[in-house]
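Here's a quick briefing to read with the structure open beside you. Take a look first, then work through the points below.

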Amino acid sequence: MEVQKEAQRIMTLSVWKMYHSRMQRGGLRLHRSLQLSLVMRSARELYLSAKVEAHEPEVPLPPVRSPDPRLHQSREAEAVAEAAPPDGEQPSPEPMDTREAPPAEETPARCAPRPAKVSRKRRNSSLSDGGDVGLVPSKKARLEEEGEGASAEVPDRLQPPPAQAEGAFPNLARVLQRRFSGLLNCSPPAPPTAPPACEAKPACRPADSMLNVLVRAVVAF
Amino acid sequence: DIISTVEFNHTGELLATGDKGGRVVIFQREPESKNAPHSQGEYDVYSTFQSHEPEFDYLKSLEIEEKINKIKWLPQHNAAHSLLSTNDKTIKLWKITERDKRPEGYNLKDEEGKLKDLSTVTSLQVPVLKPMDLMVEVSPRRVFANGHTYHINSISVNSDCETYMSADDLRINLWHLAVTDRSFNIVDIKPANMEDLTEVITASEFHPHHCNLFVYSSSKGSLRLCDMRAAALCDKHSKLFEEPEDPSNRSFFSEIISSVSDVKFSHSGRYMLTRDYLTVKVWDLNMEARPIETYQVHDYLRSKLCSLYENDCIFDKFECAWNGSDSVIMTGAYNNFFRMFDRNTKRDVTLEASRESSKPRAVLKPRRVCVGGKRRRDDISVDSLDFTKKILHTAWHPAENIIAVAATNNLYIFQDKVNSEMH
């Protein structure tokens, strides 16, 4: 139990750090993001194995996904800028794509198995704020369908727990949501000047999209 | 402002520092003079200039910090000095010249430069050069921009004195000093799918003598020696230096603390020095399996990694340095301490860079961190270390026992007047 708590604490800490690192001058640092994601991954694995031991039989062991650096996937500002992200499957340009590599998270595409299909939708990239909608029209449209209508920043605002982007762990996601609902209600620090794409934190959201948002929080970076 | 880099030039006559505000301050060593025995080769400010300004990348909506990440001096070929300074994205070549004479006695202009009334000119004179107060002029000669997508972490001038390389998290570019609109990519570790990213480049340096060799370190703690003669793209290393992890030391944070924050070739070119969070290691270019020497910088922090993660100190990037003869290595630590290790005698010392202990000509007193057990009078306990006072940047004079230590926004220069084995 102690181990679980400690792991959880570290996961929460890591997520906070990832969130704050976006606000730094100079943008996200790839190396820092990578290091945070490595710690997150270790903490998550520890948490999950502790959880499994603490008899939650229905939670399957995490498939070892390719390392969190996957979070960095959306790094390509150039890719996003050059071509309207074509592919819906692609774990794509997260909001952070125009910045330094986003920290660790699983891509939304990975959430596909989740009951709420909305999680498959890619989040809006920060590019589309500023009127570059033409570059990523499809994403924005999807987001609007979802009713999320928020920028990538939003999930950040919800300040999520070390999210579990795995669709395979609905229980864990619920546990995290329960535990961290307090965290969700506390607002992150006053938005710094930096990311122009930041939007106001949504006042309230339906529960299921909150879960999705939680799940995608990791990606938010 | 907070000093972000310190570098002696090749003769040690000049010392350059860069800071977070994009400024470069150059110090010059005063020649020792018999008349003023007290100012025995002390360093005074020679020139100050603004190297980089904050910029905004509109495409990515990112501010580009003006902080100077690295300064490297070019070897001197004429009366002028040149150095390269870089921030996260742009490298600049600066030329530093002295002017100590000015022409006087123009025919058409008077002393203030105003045109003379021609009717008053009755004879012609040849303008002569008269001495003036020394003026140091710094001018940007080249700007090497748009070469990097990620943040530049190091630059290194090649021994051929014509090229240099710059490294960011995923790529290393080779530039010619005279060409600013083109660079060659020589290392690219960016995976096709960023999801597969597992390590980044943390530092790189050219070999001091072999212009075809360079080394780069990674966040996983490995070093790769590359030979530019082998291929245009040096993704495939010639040698891989990696030490297997000690399983007994494994923790959440093992991966972070094994990341190499600095790599330096020895002056001889035979060895490399690396710094990771808790140790400095000396590697022999001829042995890839493990370092030949490992020195614990502050092993007492090993049990405190979690707190250091919380206060972000675990991400601090310390530099390391060789002395001129490659017999002593130096690196910084917390509480404004810095450490030196004598490779021959295996003795080490901890010293502090602080105003109290650094009165002019005072001898630095060795410090000790006690980790429980017997505590001597002046020992500091681990828990009372000040982690906000960190020495990340240090430099050693290329020939003499003079070191420059940057403690946040103060620069300390220590000189060893007596030839002793330990500074």
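A salt bridge here means a side-chain nitrogen of Lys or Arg within 4 Å of a carboxyl oxygen of Asp or Glu. Searching the whole structure turns up 33 salt bridges over all chains. Keep in mind that this is a predicted model, where local features need pLDDT of at least 70, side-chain atom pairs count only at pLDDT 80 or more, and totals for chains, interfaces and linings use all residues. Residues are numbered from 1 along each chain as its sequence is written, chains are lettered from A and ligands numbered from 1 in the order in which they are written, and side-chain values use heavy atoms, leaving out hydrogens and water.

- Side chains of opposite charge can pair when their charged atoms come close.
- E199(B) and R224(B) pair up through their side chains at 3.5 Å, N to O. E199(B) sits in the loop between β14 and β15 of chain B and R224(B) in strand β17, so the pair ties together parts 25 residues apart in sequence. (Strands are DSSP runs of E, at least two residues; helices are runs of H or I, at least four; both are numbered from the N terminus.)
- E199(B) counts as buried at 16% relative accessibility, and R224(B) is buried too, at 14%. (Buried means under 20% relative accessible area, exposed over 50%, partly exposed in between, using a 1.4 Å probe and protein chains only.)
- R368(B) and D379(B) form another salt bridge, at 3.1 Å, N to O. R368(B) lies in the loop between β26 and β27 of chain B, and D379(B) in the loop between β27 and β28, 11 residues apart.
- R368(B) is partly exposed at 33%, whereas D379(B) is buried at 6%.
- D299(B) and R302(B) meet at 3.0 Å, N to O; D299(B) is partly exposed at 33%, and so is R302(B), at 26%.
- E6(A), R9(A) and E310(B) are linked in a network of salt bridges.

**Helix α1 of chain A**

- Because 15 of its 21 residues are buried, α1(A) is largely enclosed by the rest of the structure.

**Confidence**

- Chain B has a mean pLDDT of 92, with 97% of its residues at 70 or more. (pLDDT is the predictor's confidence in each residue, from 0 to 100.)
- Over residues 419-423 of chain B, pLDDT stays under 50.
- Where pLDDT is low, the predicted coordinates should not be read in detail.
- The model scores ipTM 0.89 and pTM 0.74.

Technical notes: Contact = heavy atoms within 4.5 Å.
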